[in-house]
Amino acid sequence: MSMRFGIDLGGTKIEIVALEDDGTVRLRRRVPSPASYADTIDAIAALVAGAERETGIKGSVGVGIPGSLSPVTGLVRNANNQSLNGKPLDQDLIAAIGRPVRVTNDANCLAMSEAADGAGAGFRTVFAVIMGTGCGGGIVSSGRILDGPNGTAGEWGHTPLPWMRPEEFPGHRCWCGRHGCLETYLSGTGLALDCDGPGSRDASSIPARAAAGEAKAAAALARHADRLARALGMIANILDPDVIVLGGGLSNMQHLYTEVPALMARHVFGDVARTPIVQAKHGDSSGVFGAARLWDGG
Ligand SMILES: [Zn+2]
């Protein structure tokens, strides 16, 4: 039997999972994320060593991070875990663990996990979206992560809201330096800001408030669904994925699955708009499961 180790490197915790050939979870451990980069490398190496002791099998290693490796410099960029930015994470892990390591962003891990045995199973091209604190996306086609010369495939969160209305133009300023990024509208942070104004960051109460009749909350959810529909319509016109999988905290909002498909149809060029929009099956575990699958497909 072979073993696949997946590591989800988050801002607050590092998690490891050992996946057997058939997808069975052999073990799962988590530790708090250390503050320093050197301690992070040590913690990951220790998790892998511990997992190998427990399973008795040397496995492949994949790592999901909230950022990406620059294809030019090989250094981490755009990570919201600041200690990682500017560091040669994959090279340092290879040195610490003593074997090849694949590193990719957490949205690509979500796409891998859901395409393999989640909500995207059986579909050729899967566009997976994370809507949580931020907003990211990843593409898996025929079992492989789609990537290109810039390492940016699927990074829809930092493209501008399409079919912007006059009152939306030019959009909020994003942390990335641009205006009107989808992340500033579609993330939980963006939804909270839209509903409750500056300083609001937590959207978790908004669905219940809307259900209880609060007009402001219902209006914010309607704007959010419409903006998501526009953003996904653009994806259908460029990529035309066979399925769209929603992950992250906001993917629990069930109205998205009933309302967004019809709203999206207006923006899909042509006479059909039948892309299924489904909720991620593996929830918070998609990152770590997808990381374990980064060596699948060669
Ligand atoms: Zn941005």
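Trainee: At what angle do the axes of H7 and H8 cross?
Mentor: In this predicted model, the axes of H7 and helix H8, residues 255-265, cross at roughly 55° and come within 8 Å.

Trainee: Why is H7 described as oblique to H8?
Mentor: Angles from 65 to 115 degrees would count as roughly perpendicular and those under 35 as roughly parallel. The crossing angle is roughly 55°, and therefore H7 is oblique to H8.

Trainee: Is that crossing left-handed or right-handed?
Mentor: H7 passes H8 in a right-handed crossing.

Trainee: Which residues make the contact?
Mentor: From H7, the contact involves Leu221, Ala225, Asp226, Leu228, Ala229, Leu232 and Gly233. H8 contributes His255, Leu256, Glu259, Val260, Leu263 and Met264.

Trainee: And how many of them are nonpolar, polar or charged?
Mentor: The contact of H7 with H8 has nine nonpolar residues, together with two polar and two charged ones.

Trainee: Which residues of H5 and H7 are in contact?
Mentor: Leu191, Asp194 and Cys195 of H5 make the contact with Lys216, Ala217, Ala220, Arg223 and His224 of H7.

Trainee: How many of those are charged?
Mentor: Three are charged, while four are nonpolar and one is polar, in the contact of H5 with H7.

Definitions and conventions: Residues numbered from 1 in each chain as written. Predicted model: local features only at pLDDT ≥ 70, side-chain atom pairs only at ≥ 80, totals over all residues. Contact = placed C-beta atoms within 7 Å. Helix = DSSP H or I, 4+ residues; strand = E, 2+ residues; numbered from the N terminus. Nonpolar A, V, L, I, M, F, W, Y, C, P; charged D, E, K, R; others polar. Axes fitted to C-alpha atoms, helices over the stretch in contact; angles between N-to-C directions. Parallel < 35°, antiparallel > 145°, perpendicular 65-115°, else oblique. Left-handed = near helix turned anticlockwise from the far one by under 90°.
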